[in-house]
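Trainee: Before I rely on the terms used for this protein, I would like to go through them one by one and see what each rests on. Could we look at the model together?

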Amino acid sequence: MEKVKNIVIGFGKGGKTLAKTLASKGEEVLVIERSAQMYGGTCINIGCLPSKRLIIEAEKKTAFDQAVVGKNEMTAFLRDKNYHMLADEPTVRVLDGTAKFKSDHVVTVTTPAGETLDFEGERIFINTGAEPVILPIPGLADSKYLLDSTGAMDQSDLPKELVIIGAGYIGLEFASMFANYGAKVTVLDASDKFIPREDDDISQMVFDDLSALGIDFKLGVKIKKVYDLEDKVEIVYEKDGEHTVTADKVLAATGRKPRTSDLGLENTAIKLDDRGAVVVDDQLHTSVPGVWALGDVKGGLQFTYISLDDFRIVKDELFGAGKRRISDRKNVPYSVFIEPPLSKVGLNEKEAKAAGVEYKLFKLPVAAIPKARVLKDTRGLFKVLVDPETDLILGATIYAKESHELINLLSLALNAKLPYTMLRDQIYTHPTMSEALNDVLK
């Protein structure tokens, strides 16, 4: 058995960045990755970057097959770059294989050739990410036409008809993208409320715009079964009677769960919660001293920028003041890359009312913004909530072109506790979407 100073299980955002930092300090690092197609992690290979590339190509009306070629070239480049970022470090060893805990600090790695190697790590960092959830719908898991979020981006041919199970944010991104490529998209969801965490006016706008794109939403349905026909898949669902819909493919977009089931954690004292996530404290320590968990595997928000911030917490503990905490993250922005994008940070009206928080609302339709006319897309709405006593920003929702860039400005102001008047009176370049804040916040 070989002893190693640091073991990183998983080549994701937090793990790879930490491994690079440890190497820069001259420390020995073993990075274990189960798939050579996942160097760099979910985001660059099967997540945010390739999906956003396909979304952008769809907006440009690029042919689907050409868009897929371009996406594959990009991910191959980034994967190779990430591999060499670590493998070229003299103190880093990248090992292909599946890691399984043998005990609290001993990991067995099974290589693609079937060889088993044991390593004892002084420090171990679990960064194995998450995997798609496939609901226990009869026939779904066995269907040869089934896609998950990974498979949806590996299609070389555009499905002419696509059924998406799940009207959550991932499902909506895929629905918008495939509809823009020309597919006939049907979305089935058990809830009769459309994106219920958003304000009702925002939800209605998004629903209307996606419906106008040709997406057929079937909400409040119960899916009974899925079965394969000769060259199609048929989905049977109930709502005021039994109905069927057929398609070339069925995409399960019903969430992702922490990838812990095959880690051998039953051989350790590392605790899991009822969702299978690794339980961590405010500094990402697991229940075993010297073992940390970063990124999606610990549950919570599944964003690559959360994984990066997890790295910052660990780095601060190992090489800094040790003051950073998960609990410091109070207002995390997010964007849904539909067309136009939907972005949010802090409270919306629905949440403020539920919490009994007093607020002053600033609201402006995108049609009033000159840059929206330049972009030839006037759909959407700006909403900003402000504390009427302190003038501090409580939250913002932006459904508009370039909202995914603009939300970061609102997030910075919120977290820095800047009065809304600073954004209102700021001098912005012209023409931009950000200058709309001059008018929104009047």
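Trainee: What makes a residue pair count as a polar contact across the interface of domain 2 and domain 3, and how many such pairs are there?

Mentor: The model is a predicted one, and across this interface the rule finds 12 residue pairs in polar contact, with both residues at pLDDT 80 or more. A pair qualifies because an N or O atom of one residue lies within 3.5 Å of an N or O atom of the other, where one must be able to donate a hydrogen and the other to accept it.

Trainee: Why is the pair Asp201 and Lys383 called a salt bridge?

Mentor: The N to O distance between the side chains of Asp201 and Lys383 is 3.1 Å, and the cut-off is 4 Å between a side-chain nitrogen of Lys or Arg and a carboxyl oxygen of Asp or Glu, so the pair qualifies. Between domain 2 and domain 3 the count is four salt bridges, while the structure holds 30.

Trainee: What makes Glu173 and Lys52 a link between parts that are apart in sequence?

Mentor: Their side chains meet in a salt bridge at 3.5 Å, N to O. Glu173 belongs to helix α6 and Lys52 to helix α3 (residues 48-59), so the pair ties together parts that are 121 residues apart in sequence.

Trainee: How do you know how much surface domain 2 and domain 3 bury between them?

Mentor: The size of an interface is often given as the accessible area lost when the parts come together. For domain 2 and domain 3 this comes to about 1,500 Å², 56% of it on carbon and sulfur atoms, and 17 residues of domain 2 are in contact with 18 residues of domain 3.

Trainee: What describes the packing of helix α1 and helix α4?

Mentor: Two packed helices are described by the angle between their axes and the distance between the axes. For α1 (residues 13-24) and α4 (residues 64-87) the angle is about 35° and the axes are 9 Å apart. Lys16, Ala19 and Lys20 of α1 make the contact with Asn82, Met85 and Leu86 of α4, and these residues divide into three nonpolar, one polar and two charged.

Definitions and conventions:
Residues numbered from 1 in each chain as written. Predicted model: local features only at pLDDT ≥ 70, side-chain atom pairs only at ≥ 80, totals over all residues. Heavy atoms only, no water. Contact = heavy atoms within 4.5 Å. Buried area = accessible area lost by both parts, 1.4 Å probe. Polar contact = N/O pair within 3.5 Å; in protein donor to acceptor, adjacent residues only side chain to side chain. Axes fitted to C-alpha atoms, helices over the stretch in contact; angles between N-to-C directions. Helix = DSSP H or I, 4+ residues; strand = E, 2+ residues; numbered from the N terminus. Nonpolar A, V, L, I, M, F, W, Y, C, P; charged D, E, K, R; others polar.
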